[in-house]
Amino acid sequence: MTLNENSSKYFPYEKYREKQLKLIEMTKKSILEKTHLVIQAPAGFGKTICVLAGALEATEKNNLKILWICRTHREADRVIDEAKEIYSINPWISAITIRARSELCPMPISNEIRRDAESFSILCSEIKKRRLCPYYSPQKIKNIELPAIGSIKDITKQCLEHHICPYESIRKKIGKYKIISLAYLYVLKQPIFKRLNINEEKCILVIDEAHNILEAAQKLLSEKITIKSLKMTLIEAKKYKVNVAEEITNKILEIINGVKNEKIIDKEKFASKIEKETAKKVEEIAKHLLEIGMKIRRQLASENKIPRSHIHHLGKFISLLSNAIGKEEYSLILRENEIELLCFDPKSIMRRLFKKFFTTISLSGTISNRYNKIMGIKQARFLEITLKYNPDQILSIIASNVTSDYEKRNPQMYRKMLEYIIVTSEIINAGIGIFTASYNVLKGIIEAGILNIKKPVFIEDENMTSRMNEIQIELFKEKARKNGAIYLGVCGGRASEGVDYPGKEMDVVILAGIPFPEPTPSIKAKIKYYEKKYGRKMGKLYGYIIPSMWKVAQAAGRVIRGPEDRGAIIYLDKRYQKYSKLLPKWMRPRKTIHDAAELKEELSLFFA
Ligand code: SF4
């Protein structure tokens, strides 16, 4: 559709794609009516530009800001790129993004410290306090004029030319911008958000890739301590003569020792054992340990050492534990070599997001109208954008003789899965993405012999740094464009979400299994919690099945990156017959095959 008098003045492109105008209108309406909006739209549809255009129209006469939170830097940069396009036709708008201090700091500080954002922050405070940072000049930072559309690259360049700290400059000016894109963490962690000096009630919160927000919040309220870390705590406690840390650590070690299989323990009884041991309340203990730990960290920073403290870590664990007492959404789990406090339902964080902000817009290619229920939003408008694909654009198939069901996993099952992969690799000379249910399934497929396939095979490694992973994905894409390549990763991993594979980069996605978590005691406790909250049937659906199917949909969605794209999705698990209705309509399987020979036939016909 071409632009006319109904067009949005913030839409910078010549033509609207199907349904884009509808999304702009719905965004505007929801903001004006102060109603939460949940949007499911396929990748490549142009969600970002439409929501920005609608939100800018709705807020042009007031001082509401658009706070756009993302899971990855790539997604945050995309917002700035689109804002740049809007700026070319509407130069009153402004947009900025921010990164962690450790990423933007130009000081010669080791990568080891940079990897730990909290330690880096302590080190930076110490350096500033001792006036050792040549880039920290409050006056210069106050005076610098940052660009109206501030990409990280442009701001860093400008700040370094003026010899001032890019992080402090952005932090100082961020509140003046209309559009602010940043990582989830800045908003989920209230103390970090407060430092930005932004009034949440005056912000429209856009949650990008919203299917990830719950897990991100759960992680913030969960904490794990290993035996190794506890042993280091003992050394530190002796060195700094912190008796209480020594007593608690010995008690926890006594509880963990000898544990072989995962088990849930009563967190209240655990807390009272600690209280009995120290004759202090857990809140007091936590406060004390956090204070001492912080002192140690500052001292280490002043001695130019890595400001890390195991006592501080223990304090954090005890602090979360004291907050969890009496709350059924937390479980305390013992495993061989570790103890973990796990939060199943980060209600406090979710409540803040959906109550404090002016309104919210949740965006994803996978969420359904059940998102409200899972997030605890009372009322929201749900918009599902489905594009009409021609039947010859998408081939979606289920294989009926394979599964990643825990009871049925064995070398023979992995060999059967591999047969489908081999056939696909013989026909497809483009990118093939294989996303497994878990690292265990991935290992099973390697052991079955995937490396014998005569095509470059790239394998995801959970211990790889994100930078190394990005390099590996780029290499895979390069090979995929030439003569074809295979990427073997996991659902919910770094390659199955937030990465685009245009053209020939991923013509086929194979889902090897369904990523249902292993039914460990902690997973069973989570399901029980959700069953209590939503009833027996819905509890399992909300707490276990839907989050896994969102991961599947993300991975399957890599295949189509735009309305004209073509590709095949192969579901290697017969259970998809039961659960596929939880997937967006366009990716639901339409055919069932029974062996690799049938797949060969289907692929040959489709890609002929
Ligand atoms: S003020 Fe900026 S440049 Fe200086 S140490 Fe901190 S982050 Fe680095």
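Which loop does Arg131 lie in? Select residue 131: Arg131 sits in the loop between α6 (117-129) and α7 (138-143). Helices here are DSSP runs of H or I with at least four residues, numbered from the N terminus.

The model is predicted, so local features need pLDDT of at least 70 and side-chain atom pairs count only at pLDDT 80 or more, while totals for chains, interfaces and linings use all residues. Numbering starts from 1 along each chain as its sequence is written.

Stay on Arg131. Its phi is positive, about 55°, although Arg131 is not a glycine. Most residues other than glycine have a negative phi. Arg131 counts as exposed because it has 8 C-beta neighbours inside 10 Å; exposed means 12 or fewer other C-beta atoms within 10 Å, with C-beta atoms placed from the backbone.

Next, select residues 227-239 and 243-256. These are helices α13 and α14, which pack at about 155° with axes 9 Å apart. Axes are lines fitted to C-alpha atoms over the stretch in contact, and angles run from 0 to 180 degrees between N-to-C directions. The two helices are therefore roughly antiparallel, a term for angles over 145 degrees.

Now show the contact residues. On α13 they are Ile227, Leu230, Thr233, Leu234, Ala237 and Lys238, and on α14 Ala245, Glu246, Thr249, Ile252, Leu253 and Ile256. Contact means C-beta atoms, placed from the backbone, within 7 Å.

Last, select Ala279, in the loop between α15 (267-278) and α16 (282-302). Ala279 also has a positive phi of about 55° and is not a glycine. With 8 C-beta neighbours inside 10 Å, Ala279 counts as exposed.

Technical notes: Parallel < 35°, antiparallel > 145°, perpendicular 65-115°, else oblique. Contact = placed C-beta atoms within 7 Å. Buried ≥ 20, exposed ≤ 12 C-beta atoms within 10 Å, placed from the backbone.
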